[in-house]
Amino acid sequence: MIILVILIPFITGILVPAIPFRKRWQKEVFLETTVVLNSILVWYLLLHHSDSTFLLAHFTGNLNISFRVDGMSMVFAGLVSALWPFATLYAFEYMTKEKHENVFFLFYTLTYGVTLGIALAANLLTMYFFYELLTLVTVPLVMHTLTREAVLASRKYLYYSLGGAAFAFLGLIMVIVYGSTTDFIFGGVLDPAKTAGKTNVLLLIYVMAFMGFGVKAAVCPFNSWLPQAGVAPTPVTALLHAVAVVKSGAFAIIRLTYYSFGTDFLKGTWAQDVVMAVVMFTIVYGCSRAVKETHLKRRLAYSTISNLSYILFGAVIMTPLGLVGALTHLVFHAVMKICSFFCAGAVMHQTDRHYIHELNGLGYKMPRVFGIFTISALALMGVPGLAGFISKWNLACAAVESGSPLAWGGIACLLVSALLTAIYMLTIVVRAFFPGKDFDYSTVLDIRDPNWKMLLPLFVFTIFIILFGVYSQPIVDFFMSVAAGAV
Amino acid sequence: MFPILLSIFFPIAAGVFLLIRYRTPLSGEKRNTDRKALLLLTGCFLVITAAFAVAALLTGTGKDGFILFNLTKTLPVYFRIDSVGTLFSLLAVIVLPFAGFFSFEYMKHEERESRYYGFYLLAFGVLNGLCFAGNLITFYLFFELLTLSSMPLVMHSGSKEAVMAGLKYLFYSLCGAYAALFGIYFLYRNCDSLTFTAGGALRASAVAEHGGFLLVTAFVMLLGFGVKAGMFPMHAWLPTAHPVAPAPASAVLSSVIVKAGVLATIRVLGMFGTNFLRGTWVQTAWIILTLITVFMGSLLAYREPVLKKRLAYSTVSQLSYILFGLAVMNETSRTGALCHVLAHGFVKAALFLCAGAIIYKTGKTRVGEMRGIGKEMPLTLWCWTIASLGLIGIPPTGGFVSKWYLALGSLKSGLPVFDVLGPVILLLSALLTAGYLLPLTIYGFFPGADYDYGSLQKKEPCKLMIVPILILTILSVLIGLFPDIIASTIDMAITGR
């Protein structure tokens, strides 16, 4: 069954251009049904998982393609499968204004399968395989509009990702050579007998592999592909470049750190200090660029860069609490950011305005969208009572607990970034609701909220932002058990 | 339990209701009837909220505290009424409804009045929540919400200046809040719980292990929350933001909302314990900052020609009187500080409303233009004069009592240099206070021989405006005439019952 959830999106995707749908709604129903069914299947699989490993192909020695459900895969697969149906629904409405719909939905749905492949991979090789595949299936989505800008962006995306994967490959080799197995085992698989005397080389390779996977997670200095990739249609930017693709990078780093190299091996070494410093820098850098940026989607993309490094910051604290913080932010940020991206997309879809200075006075014309945007902005800032506060609380507490002064500096970075987040998000809100005394309302006369296909996902995400904010105990408990290696 | 929850969530719900129900601006023929309905609703909401809050204070149901729910296992949203909370809540419950009634007339010609009332009610609920919060997390929650709900009041007029001022207010406040949050993360690690307890909640082992770092944390938190209280060097938002708001909103901002910073400071002192901080570099640095602010605020107010801006600088200075009293860290000075919370609260609200009445009736904003104003609006200017005396600290008023305790506490404290320097600076500042408040009285009542009495018109504002001013002025005198009642409440606050 585990292979089924990966295959269904593949088949569906390929069928979309192949079946000659008479009407558009038939295609919509077909796509939405299969995606929802697949998501239900994924959740069923996660809730009734067994510890057995599904072996798909065996190469040589201990190299094989196999799948397994463990705690980490539950978090990531659960997240992705919860968001995908909503994003698809949103895409139906959004894509009415774009061309080449079939191609779009082909690759969009393929990506679903590939992402699940990453989430459910049982060993480093399988994950690496799907990781490369993810780059390839998402390139056409970035290129979608076929403008010169889009082609350049996708080319950059391709080179960056492939280059990063090459570095990550080094890590894979090292684990194959110096580990007892390539399977993901909580606590790491490095064999102390083999690694003796080679610590520094291994640490160097870890840093390189971290940066390699970090390309997808947009770690500075490998982040410039992400804002550029914002030329893609909004469902892609929102789901792939705020959740699926970039979080695959973060997910891969967590796998590498906690399940392959092992925190016992890495903790307290210079490698930890190096990656933590890089991550801390990225947190502040991303936010500062977001403040400077005037294009709405690109501003949100820079915000993603910063927030991804929150996740990595939690991960490189390398304590169970740190991992809890990382996982909390992985999930909560996904909901918050997809929500704000969808708002941005709704504005672009309804008004064709892309720059922040064009948003003046829209708040009264699109009250629902901007109301929701305000909530997601407050959540990203970390106002108590909304999701962002809890995840930042977990991250900061883990940093305090770790007792390392560098991590304490990290808290300061988090807070500086929170302030910058307030600046780049709330200035948008203020523009929308306080356009100035002499604002000419006739310029926004015909603008109104989008229809239910766009609003429904927004409402659902808002509910989750608030729910996670006021009642996150069960989900945090689950992260605790994942971080303790119990699931 | 229920009065507390109602006093918090009823106005919040009511505010949201107003924002949604009246989301389009009132216009057309039905504007007047619609407006009446809006005002009636708002008035009822204000009175009901105040009633709930008073009920919460009187019934004493909140003394034991209760947990509303848990954000996570270790983060309870916890409410409890203690005496410090009571004191601050008292101020909010009196000032907010009166300033609200005042705005019914003042906001007559403004657009989008409903937005103003909506956020006004939101801020009222949030203030109640702030006063009744029983632990640091709950407090922080309402502290951030307070900034967010009062920002639209600053921006209300929608002019570029107002919007920029609102953003400045927002970013300064958030900057302070995040500095405080930094401290909260560390307190959480080093305390058994974040519930407010008298006399400090730090673990002894934590103090022994990294006391030095905890002092830094305390200082960062005091600075952070000090932003809201307009303490040097983060005071700059206050003179920008307060004057651009509509006058009743500036009254509330200046007399109540900035006090949130004071309340926060008291809570922080409670968490760390004065014994931990007394005699450390944190205390010295803090006292220096407050004294600088006291003097600088007065001096800037003295030089400022625009009336509302002058009052805003005065707030900067007066709030640091309170902070100075807290920083000295003995009981007498603390009594003075808490007394001054009430005294300054009533006086500053009255003064801002007077200024509002003058602006509303005459359109004059600069002190220099207000010659002869006492002939046109005698009642308003009498109120101004009496309230001014309170702020300067002339005997029968509340300001005298609080300053007396402040000076006494400082002299008794035995601190090197500051035990004498403190009162000296307070006195100098009082002199300046007289210098910046009384000219309006003098030129208002005695415009000089060349004043043109012929063109004089009666411009006394209507009852809706003058009655709130009168009541607040009378209150500011009453607390000076009967300081025993206040002092006994405050004594309770200090002993922590």
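In this predicted model, confidence within chain A is lowest in helix α7 (residues 192–195), where the mean pLDDT is 83, and highest in helix α12 (residues 270–292), where it reaches 94. Chain A as a whole averages a pLDDT of 90, and 100% of its residues score at least 70.

**Fold of chain A**
- The secondary structure of chain A consists of 19 helices and two strands.
- With a radius of gyration of 22 Å, close to the 23 Å that the globule rule gives for 487 residues, chain A is as compact as a globular protein of that length.
- The C-alpha trace of chain A spans about 75 × 55 × 45 Å along its principal axes.

**Contact between chains A and B**
- Chain A and chain B each bring 26 residues to the contact.
- On the side of chain A that touches chain B, helices α16 (387–402), α17 (405–433) and α19 (473–483) each supply at least two residues, and α17(A) gives the most, with 10 residues.
- That side of chain A divides into 19 nonpolar, five polar and two charged residues.

**Nonpolar core**
- The largest nonpolar core holds 393 residues, of which A:Leu312, A:Ile338, B:Leu130, B:Ala350 and B:Leu353 touch the most other members.
- Leaving aside residues up to four places away in sequence, B:Leu353 touches B:Ala99, B:Phe102, B:Ala247, B:Pro248, B:Ala251, B:Pro468, B:Ile469 and B:Leu472.

Note on methods. Residues are numbered from 1 along each chain as its sequence is written. Chains are lettered from A and ligands numbered from 1 in the order in which they are written. This is a predicted model: local features need pLDDT of at least 70, side-chain atom pairs count only at pLDDT 80 or more; totals for chains, interfaces and linings use all residues. A nonpolar core is a set of buried Ala, Val, Leu, Ile, Met, Phe, Trp, Tyr and Cys residues joined through C-beta atoms within 7 Å. A residue is buried if 20 or more other C-beta atoms lie within 10 Å of its own, exposed if 12 or fewer, and partly exposed in between; C-beta atoms are placed from the backbone. Two residues are in contact if their C-beta atoms, placed from the backbone, lie within 7 Å. pLDDT is the predictor's confidence in each residue, from 0 to 100. Helices (H or I, at least four residues) and strands (E, at least two) are DSSP runs, numbered from the N terminus. Ala, Val, Leu, Ile, Met, Phe, Trp, Tyr, Cys and Pro count as nonpolar, Asp, Glu, Lys and Arg as charged, and the others, Gly among them, as polar. The radius of gyration is taken over C-alpha atoms; the globule rule is 2.2 Å times the number of residues to the power 0.38.
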